[in-house]
Protein chains: 2
Amino acid sequence: MQKLHRPTDGELEILRVLWREGPSTVRDVHSILSKTKPGTGYTTVLKLMQIMADKDLVSRDEKNKAHIYSPRIREDQTQKQLVGDLLDRVFGGSAARMVMQALASKKANPQELAEIRHMLDEIEQNGGAV
Amino acid sequence: MQKLHRPTDGELEILRVLWREGPSTVRDVHSILSKTKPGTGYTTVLKLMQIMADKDLVSRDEKNKAHIYSPRIREDQTQKQLVGDLLDRVFGGSAARMVMQALASKKANPQELAEIRHMLDEIEQNGGAV
DNA sequence: CTTGACCTACGAAGTCTTTCGTATTACTCT
DNA sequence: AGAGTAATACGAAAGACTTCGTAGGTCAAG
């Protein structure tokens with residue numbers, strides 16, 4: 001066991017593929033990543049995923065020749081961790097201020113705004129329970 | 001001019017002091033940082049702030065023996081940048097999902113919830129112009 | 001069996017960040 | 001002037017992250 005680090009940028013890219021696509025080989029991940037980031041070497045992705053396995057960010061099934069990697073951390077948990085981290089490091093814990101900047105940074109469409117309102121309703125009804 | 005990097009963790013700690021306290025010497029910053037992070041060496045903070053000056057994250061006034069450093073980037077802009085960054089890298093651009101995790105990560109008190117509601121009102125009144 | 005395709009393992013280089021020791025310069029007080 | 005205090009400058013080390021070349025293994029097809 002080790003301290004839980006923030007996943008790095010490279011690790012996050014790979015995790016997002018695994019979350020979206022499910023258990024995948026290195027080649028799978030590399031193909032997908034190549035679409036948005038052409039020029040990424042295959043062995044670069046391989047090495048990164050090996051390191052992620054060492055860090056227990058992913059597990060791997062070695063039964064087949066091409067190992068199959070699966071995420072070992074959940075997307076929503078990771079999101080929560082990263083957002084909580086930013087909240088403390090950048091906003092001094094003020095959720096309101098963070099939400100404001102989030103909405104300033106990326107204009108949310110009416111549907112998203114409605115979703116957020118709905119969330120607020122639920123939070124207030126639950127009396128702040130998570 | 002250079003690409004605008006994300007400020008690193010160390011840089012952010014210093015920036016937050018400068019934003020809060022205004023223009024400060026290295027000793028000022030070091031004293032304040034020592035309260036929350038004892039054991040940080042003086043020259044460590046000095047070096048970091050020198051590098052930040054190289055990167056134009058801060059400016060410095062060398063008129064006095066103890067140079068006075070000032071932030072060169074605005075807090076709200078930096079917050080917006082970092083939040084927008086996380087939004088893309090972690091949430092695929094979905095502000096609603098990010099807000100949800102922000103609220104899950106740190107319980108907002110009723111007053112904050114009210115502030116957020118108020119923000120939503122304003123955004124909707126401004127007619128969601130893209 | 002040999003070749004070619006494809007895979008993993010490994011090491012090493014390059015960059016960035018953080019840390020700090022040491023050297024040097026400047027100012028003040030006696 | 002000389003000693004002591006306090007500041008900056010500089011270089012170097014350590015660790016993390018990313019990148020990729022090369023070596024070696026496996027398997028199927030000819």
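Predicted model: local features only at pLDDT ≥ 70, side-chain atom pairs only at ≥ 80, totals over all residues.
Which are the buried residues of α5(B)? They are A95(B), A96(B), M98(B), V99(B), M100(B), Q101(B), A102(B), L103(B) and S105(B).

**View 1. Helix α5 of chain B under its cover.** α5(B) is mostly covered, with nine of its 11 residues buried. The cover over these buried residues includes α4, α5 and α6 of chain A, together with α4 of chain B.

**View 2. Where chain B meets chain A.** Here 37 residues of chain B are in contact with 39 residues of chain A. On the side of chain B that touches chain A, α1, α4, α5 and α6 of chain B each supply at least two residues. The residues of this side divide into 22 nonpolar, six polar and nine charged. The copies meet through the same surface, because 100% of the interface residues of chain B are also interface residues in chain A.

View 3. The largest nonpolar core has 33 residues, and V99(A), A102(A), V99(B) and A102(B) have the most contacts inside it. At least two residues of this core come from each of α4 (75–91), α5 (95–105) and α6 (110–125) of chain A, and likewise from each of α4 (75–91), α5 (95–105) and α6 (110–125) of chain B. In soluble globular proteins, nonpolar side chains tend to be buried together. Take A102(A) as a guide: leaving aside its neighbours within four places in sequence, A102(A) is in contact with V83(B), L87(B), A95(B), M98(B) and V99(B).

View 4. A second, separate core has 13 residues, including I14(A), L18(A), V26(A) and M52(A). L15(A) is found in helix α1 of chain A. Is L15(A) buried or exposed? L15(A) counts as buried because it has 21 C-beta neighbours inside 10 Å, and 20 or more are needed for that. Apart from its neighbours within four places in sequence, L15(A) is in contact with P7(A), L57(A) and P71(A). V29(A) is 14 residues from L15(A) in sequence and 9.5 Å from it in space, C-alpha to C-alpha.

**View 5. The surface near DNA strand D.** DNA strand D is surrounded by 23 residues, and the closest are T8(A), G10(A), G41(A), T43(A) and K47(A). The elements giving two or more residues to this surface are α1 (9–21) and α3 (42–54) of chain A, together with α2 (26–36) and α3 (42–54) of chain B. The largest share, five residues, comes from α3(A). By class, this surface has five nonpolar, 11 polar and seven charged residues.

**View 6. The surface near DNA strand C.** Now look at the other named strand. Around DNA strand C there are 23 residues, of which T8(B), G10(B), G41(B), T43(B) and K47(B) are the closest. Two or more residues come from each of α2 (26–36) and α3 of chain A and from each of α1 (9–21) and α3 of chain B. Here α3(B) gives the largest share, five residues. The residues of this surface divide into five nonpolar, 11 polar and seven charged.

**View 7. The hairpin of chain B.** Strands β1(B) and β2(B) form a hairpin with six residues between them. β1(B), residues 58–61, pairs with β2(B) in the antiparallel sense over four bridges. Within this pair, S59(B) stands opposite S70(B) of β2(B). β2(B), residues 68–71, has Y69(B) and P71(B) on its covered face, and I68(B) and S70(B) on its uncovered one.

View 8. D56(A) is in the loop between α3 and β1 (58–61) of chain A. Its phi is positive, about 65°, although D56(A) is not a glycine. D56(A) counts as exposed because it has 12 C-beta neighbours inside 10 Å. In chain B, D56(B) lies in the loop between α3 and β1. Phi of D56(B) is also positive, near 65°, and D56(B) counts as exposed with 12 C-beta neighbours inside 10 Å.

Methods:
Residues numbered from 1 in each chain as written. Chains lettered and ligands numbered in written order. Pairing = 2+ DSSP bridges. Contact = placed C-beta atoms within 7 Å. Near = placed C-beta within 6 Å. Nonpolar A, V, L, I, M, F, W, Y, C, P; charged D, E, K, R; others polar. Core = buried A, V, L, I, M, F, W, Y, C linked by C-beta atoms within 7 Å.
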